[in-house]
Amino acid sequence: MSTSAIQNVLIIGGGVAGIQAALDLAAQGISVYLVEKTPSIGGKMAQLDKTFPTNDCSMCILSPKMVECSRHPNIRLWTYSEVLDVQRTDQGYYKVKILRKPRYIDEEKCTGCGICAMHCPVKILSEFNESLDKRSATYVPFPQAVPLISSIDETHCLNFQFKICQTCKHMCPAEAVDFDQKPIEAIIDVAAIIIATGFELLDLSHFTRYGYLQYKNVLSSLEFERLLSASGPTGGHVLCPSNGKEPKTIAFIACVGSRDCVHANARPYCSKICCTYATKQAIIAREHDPHIDAYILYNDLRTFGKGFEEYITKAENIYNINYLKSLPGEIMEDSQTGELLVGYGDFTTLEKKILRADLVVLCPAMIPASGNDELSQILGIGLDEYGFFKAKDVSDPVATNIPGIFLAGACEGVKDIPLSVAQASAAAAKAALRTEVEITKPELVIEKELALEEEPRIGAFICHCGINIGGVVKVPEVVDYAKTLPNVVYATDNLYTCSSDTQELIKEKIKEHRLNRVIVASCTPRTHEPLFRSTIEEAGLNPFLFELANIREQCSWIHMREPEDATEKAKDLLRMAVARTSLLEPQAIITKDVIPAALVIGAGVSGMSSAKIIADKGFKVYLVERDCSVGGFIKNLKSIRTHGDYEQDTKEIINELEESIRVQENIELLASTEIKEVIGSIGEFSVTLQGDTEQTVNVGTIIVATGGTELKPVGYYGYGEIESVLTQTELEELIHEGNLNEGGTFVMINCVGAREKEGRTYCSAICCGETLKNAKALKEKYPHSSVVVLYRDLRVFGAGEEYYHAIRDSGVRFLRYDPDNPPEVTQLADDKTQVKVFDTLLETTFVIPADKVILSTPLIAHNNKALAEMLKVPTDSQGFFLEAHVKLRPVEFATDGIYLAGTAQGPKNIEESIAHAQAAAAKALIPLVLGYVESEPIVGVVDPEACVGCEFCVDVCQFGAISMEEVESEELAFIKEFKAEINPALCKGCGTCSSECQVGAIRMQHFTDDQILSMVHAALEEPATSPEPFIVAFLCNWCSYAGADNAGVSRFQQPTNVRNIRVMCTGRIDMIHILETFALGADGVLVMGCHPGDCHYIAGNLRTEVRVKFLTEVLDAIGLESERLRLEWVSASEGKKFEEVVTKFVETIKKLGPSPHRKIPVTKAI
Amino acid sequence: MDEPRQIVDFSRLDFEFSNYIKQNTNSNPFVCFTCRTCSSLCTSGKVNVLNVAKIVRQIAIGLKDDVLRSKEIWTCATCMKCQEFCPQGVNPLDMIYFLQNKAVEAGMPTIPKAYVEMVTSIAKIGLIQPPQEVISVDFDEFDRAELELPELSMPDAEKIKKNLLKTGFRQVIKELD
């Protein structure tokens, strides 16, 4: 870490936005101080069970990023710390004073074992579980906390309050408790500051009419989220707090404290996310228990984001969620039954009805974090009228009024996770422009050094982990056993193998015993593998010659009452590790140079914004535009409604941006030019451009910013036939020209060609705002005209709500139509146009003579097919480009080196587009700044002699890493053959191709068939004891292995019959592996992976599902019952589920009895 | 879809009336965004035909006559909950008062008899009903003087009537004569 200001950036707030910004900056080689006031990073997202619209497990997708933050050498994680003071220096840097609050725990010594918390006598309400559970005064906030270190809460600790107790100090096996710790004030120098302090939820105790504190079964949405979570207080069972029973009816109430411009305790803006997350919670609740009736009471159903509208449709049609368009005024309790009475106005009959619910979930307004006032004073940056931090302007949406201070996420205003993440990357891009760092390219490992011809000499270090392992597993016995295993030349035990003195010991022993491979039997590789890998690397060994045997999370912690069996299992796990380690090979991290230039396709607002950032960082940018001028779609608009409730001239925005790219020498604008051909991959793309002449440019990265366009609604409501039927853009032109009649009637129809049942199913999110803008303009220019808006749900958010209020107030009338009974537009004999519409709110049909009928149409994708094929990137069902992950990778493609900016990804407003574009630039800059890309060493390698060119692997690879290369036939030179080739720069290492290859031509490095099978053999051929049943489980690294760890951290006790084998993805699990496992006599095989949609390699789990299904069907051919093989989806937070699956499976297999293929007789029936 | 209840020609809607309410009362029907908070917590609406949200919406659209002719506006219990909790500042109660006045002014036949009787009584004796004797639970009558209660004071009925007639009640409530 560097102390020079110009190399440092401070990030305030460790939620998902802060984490993303930190990772993006660190990836550019910049030193990051990530300051978080609570004991762990993770923010609100860590509390969520699932995320919409994919229902991804929130922790599964966040936790790897949290762990990466703690491991990254460029990130200094300062949790439990606060910013006290910021001074701007003469050079434009910042001197920041940070308070590091005492945890009263030595961070270096604490291992996060949790023993202190177990013995702490104090029990107080848990913040993480939203007071639905208790924690102790000495505590780790949640099992996946980063850093995984205890803190002592001095306001509740008996030692601090009454000078008694100190139990934790006596119990801590690591002697980490230190009651004498003092607060530390640290001063750091930074070049830029990113604020990512997030949001809070409105305090519901003011809402007495909803009975929030009065009735136990009225919960806030975040409380309900904890009830849904597998790691929550009920283990993921939805139960009523009043009686612990399962609710039959749940009512979700939207807009609690939002969209209210009257009451002091409420907020006038729309909180944007509630409709969608209420839908998510309703879906998950029904997935937990299909008997639950879920009702969502809303005012306007507002879902802004890609795929969200389809999500709502799915909720309504498939999950049978009931949507009621009515907000209840009050909630009462039926004192007889305890049911909650929710009054509402029925949509179709206008009747007043009462819904009897067992549980009511209130969706409170998103409000600014409580520390914003103080922080704004310390930093000198402005707040908006609601108390959120104020962005500079529309074309610089993450900047503030002070240079060098940027905004990321919900501290700037209401937003969802994808936008927060995009904004975080954008803020990182802007902050990085203020830094200068020198990049040192890692030394290349020369192929020769990799050769390892000696016999394996393995050293095994077995950890007591205080009493965490040693209290259950007889460690000395395991050490003695280790010494008997083949290739093990040294074995010992350590109290804490992870302590710094043990690292020295390991290095010493490597030298002393000429060890060439090392095994540590301790905790999970997910957290500790990097530490030990760097230790052996320092001792001169290749880091891939290391293996961890997980005897804590997956042994001692889950078999606490069976020390004998746990010890036997630990021996098995160790023996399996030894077998695998003997076959490990050194791996090289291959680097590849990156051409220091980028290509940006499309010079609209997004493309120009992306290009500017990359060029400002000092790289050449080719900005290619198909049209003859820059500006993209918004050239067609006169003004644009921005984030707040003000309008801005589009010409000004375009001119300003155009000017800024013209003066930037690094940008070469190529107008009237199209892309003709793209070859190569990240680091070295060669792109042929066709303008007046043809030319080829070489670039390291590519940004796709091709934008979208307006639907011309031919065939809808007489457009194209009736002269007076226009689009909003055409109307805007007429208003501008002043060619309309004063006193006329203007009827606007929303959602024309959008939110359809089939085809264009999405909501374009920006059209409602456009409608309001033009309605306002009409009323201003022609005050005596009558403007009628026919809408379905009026979708504006944030300050847009107040804009909508003002427009209603101005006399614009709104009628709500039913898509099943849409308005009719007819041309009458006298050339007048008439609109007939059934207003669902009054159940009345209105006949409106209209001078103009204006259709609000969605933003649609250009024809992106040709470009998508050239770039080998996917598009979605609507023709927009498809990002790598909707939530956490909104500006990236699955293919490295190609990024996505603005409306090419889906409809967005202008600030969102610009933030998105700057985020894409941040990603595209990482390889450019580093100057090299490192390829994942765990990649597939094709044996060209074995490859038959079937292209099966090409189809299953989700990353475009496999291509078919033409080679000369071995036998006859004039015959050309095609062989698969894997580009290591693009391969992510899931291993699906290897499992799918029918001829075994693909070898998956570090997870080779030999290595995997060696563990199977070791497990089954000579076990220490052979319990009955004996089960082998294959777990994917990201979800199920993490789920098994979670079960361990949560101490969910399980049978000792299972031996786990970790692979990166279930996609790696070949049919051969499973069959061999059965052939060797396993009584059962469990395959566990991520839930569909959660796969870290996009779809590896789905391929496995196909293979396991097939195997299940043919299992009886080898005399086995199909129940002996099971595939289960277990996420990283589903520790409880993991335990249940294992327990149940063991029961099932027990009933079936031993496998007929058993080679080793049953030595012990458990 | 069922056959719609009624078809209304937009050109016949009375926007001026809605505008008048916005300009001259504390109520603003236009800003209503139809959340129905008012109707769902309406005290009277729980047992009566009153649907506040519907009335606000009818006025916002310009369906003046439908509202003035309706009996609903007379069933309001004036508990003020709608006014208290409306998130957009529509102030439905003030609108209902105004509508009641306008209905009287327009001589709507839907004005409940009880209202007329009360007003008539006020005009005649200055009170909504004649004062009762002191009665026990068993309907035994007592003399006020015997109980040493003061004499009942009666308002100046003539003065009240004079002022009441100034408001134009005579035109609609014939009983006043």
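Let's start at one pair: in strand 1 of chain B, B:Ile7 is the bridge partner of A:Thr845.

Before going on, some ground rules. This is a predicted model, where local features need pLDDT of at least 70, side-chain atom pairs count only at pLDDT 80 or more, and totals for chains, interfaces and linings use all residues. Residues are numbered from 1 along each chain as its sequence is written, while chains are lettered from A and ligands numbered from 1 in the order in which they are written.

Back to the strands. Strand 46 of chain A and strand 1 (residues 7–9) of chain B pair in the parallel sense, over 3 bridges. Pairing requires at least two bridges found by DSSP.

How many residues of chain A are in contact with chain B? The count is 35 residues of chain A, against 34 residues of chain B. Contact means that the C-beta atoms, placed from the backbone, lie within 7 Å. On the chain A side, strand 20 (340–345), helix 21 (800–809) and strand 46 (844–850) each supply at least two residues. Strand 46 of chain A gives the most, with 6 residues.

Next, two helices. Helix 13 (residues 500–512) and helix 14 (residues 525–538) of chain A pack at about 45°, axes 9 Å apart. Axes are lines fitted to C-alpha atoms over the stretch in contact, and angles run from 0 to 180 degrees between N-to-C directions. That angle makes helix 13 of chain A oblique to helix 14 of chain A. Under 35 degrees would be roughly parallel, over 145 roughly antiparallel, 65 to 115 roughly perpendicular; the rest is oblique. Who meets whom? From helix 13 come A:Gln503, A:Ile506, A:Lys507 and A:Ile510; from helix 14, A:Thr535, A:Ile536 and A:Glu538.

Now two single residues. Is A:Ala615 buried or exposed? A:Ala615 is buried, because 22 other C-beta atoms lie within 10 Å. The cut-offs: 20 or more is buried, 12 or fewer is exposed, in between is partly exposed, with C-beta atoms placed from the backbone. A:Ala615 sits in helix 17 (residues 605–616) of chain A. Beyond four places in sequence, A:Ala615 contacts A:Val621, A:Gln664, A:Asn666 and A:Ile667.

Last, A:Gly1084, in strand 58 (residues 1084–1089) of chain A. A:Gly1084 counts as buried too, because it has 26 C-beta neighbours inside 10 Å. A:Glu1123 is 39 residues from A:Gly1084 along the chain, yet their C-alpha atoms are separated by 8.1 Å.

Technical notes: Contact = placed C-beta atoms within 7 Å. Helix = DSSP H or I, 4+ residues; strand = E, 2+ residues; numbered from the N terminus.
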